[in-house]
Amino acid sequence: MSERYRAAVEQNAAAQFEINPVFTRPGEATSLSKFEIPTGMMDPDTAYQIVHDSAMLDGNSRLNLATFVSTWMDDNAQKLHLQAADKNMIDKDEYPATAEIEDRCWRMLADLWNVPEKNDTIGTSTIGSSEACMLGGLALKRLWQERRKSEGKATDKPNLVLSAGVQVVWEKFCNYWDVEARYVPVTEDHLVLDGFELEKYVDENTIGVVAILGQTYTGLYEPVKEIAAKLDEIQAQTGVDVKIHVDGASGAMVAPFCQPELEWDFRIARVNSISTSGHKYGLVYPGVGWVVWRNKAVCPESLIFHVSYLGGDMPTLALNFSRPGSQVLLQYYQFLRLGREGYRAVQQGSIDVATFLSSAIAKMPDFELISKGDTIPVFAWKLKPGERNWDLYDLADRLRMRGWLVPAYPMPDDISDVVVQRIVVRADLSKDLAGYLLTAIREEVAFLTSLTTPLPREAKKQSFAH
């Protein structure tokens, strides 16, 4: 919570919520406490209008170029969403058809990601790829613990090797599950984890290495094949055998369709598990994620719980319990509706828009590209050296005034002095809309360049949270 927001909450803690008389019906209250449940009932139309109007200040989600999360689905998906919102995904006895569809979806992904043996694999849906990452990380930790115990060795100092540019879920994983995070620095020469000096971070206590297929800072892929080759060298020299979890939150739903020749998935023997977000480039509303393991042996049985619940045995592989089944049905709908050709067309269309934008921004004299948007449709740029009365935070503020959310933020620790701006292109950003965005960027850069003094700032800039 920001200090400004906290102060506003404290200032208004005792405030009443005034209801415009035009919304109220005879006999209803005209003011309510903001932080107490009302004593009596309210007409549903009034309650709807209050909630609707309270949320009006939120930005237009389709102009939010910070988020990877899907912000549009078609009318049939909308109907499915409403029809299945009341189904509890955990209750497979009561909703066996939804459970069957979940099984079909992760098996489709296993096939898409070239699992070696389709009848010897396991996977599950999750609430977003964060839960999927947690499960993938936990499996690595349990496998390491089991192996160490069988060898009569200590299990109290596990570590996980990952890029300093990982998404915050991995920081959470290491914090919550008592694993030492070993961050390989991001530098201007090595913007991603690519195997460089990996031997300095891997040892007998390493439970695994995380490879990111689409880094959130820049959209760049980490070369899984090169990381695996370096781990082969390390094993040959030390005997330490370390496996990989691929965090494919975005890229695992782009690379199979748009870069099919790229080897990053289960074709690489060291890849134990892969996670992705169905609600990112899986093209589904939030929140659904997926995780698939190479085979059943690398997903420890100790992670699976068998619960007697609502009339049957419920084997669950999840950190969460009750959750709606609608997103799983939406994922299946997209798989059926689009197929491989449809996904390729949609994702390539987004890449085309991203490269259209990045090539135009690269031609602007103030900017230098960090990435082009030709992996996942995400790219970032920085300011060229020079004296200016403005920076990328100012440009982000000016674009926000026009409805566009284009975040500016520092790169990870070792190059935190480098501030970048990033655009995430999703399926609902057309080339026509992208043209309007370019016009806005050009106009706001011209305005900022015309300033003779820096813009005043009330407080320290807040960095973008990944």
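Trainee: Leaving aside neighbours within four places in sequence, which residues is Ser163 in contact with?
Mentor: Ser163 is in contact with Tyr183, Val184, Val186, Leu193, Ile212, Gln215 and Glu222, where contact means heavy atoms within 4.5 Å. This is a predicted model, so local features need pLDDT of at least 70, side-chain atom pairs count only at pLDDT 80 or more, and totals for chains, interfaces and linings use all residues. Residues are numbered from 1 along each chain as its sequence is written, and side-chain values use heavy atoms, with hydrogens and water left out.

Trainee: Is Ser163 buried or exposed?
Mentor: Ser163 counts as buried because its relative accessibility is 0%; buried means under 20% relative accessible area, with a 1.4 Å probe and protein chains only.

Trainee: And what does its side chain reach?
Mentor: The Ser163 side chain reaches the backbone nitrogen of Gly165 at 2.8 Å.

Trainee: Where is Ser163 found?
Mentor: In strand 4; strands are DSSP runs of E, at least two residues, and helices are runs of H or I, at least four, numbered from the N terminus.

Trainee: Switching to the sheet, what's the strand order?
Mentor: It reads 3-9-8-7-6-4-5, an open sheet of seven strands with mixed pairing; two strands pair if DSSP finds at least two bridges between them. Strand 3 (122-126) and strand 5 (180-184) are the edge strands, each pairing on one side only.

Trainee: How do strand 3 and strand 9 pair?
Mentor: In the antiparallel sense, over five bridges. Gly123 stands opposite Val292 in strand 9.

Methods
Buried < 20%, exposed > 50% of the residue type's maximum accessible area, 1.4 Å probe, protein only. Polar contact = N/O pair within 3.5 Å; in protein donor to acceptor, adjacent residues only side chain to side chain.
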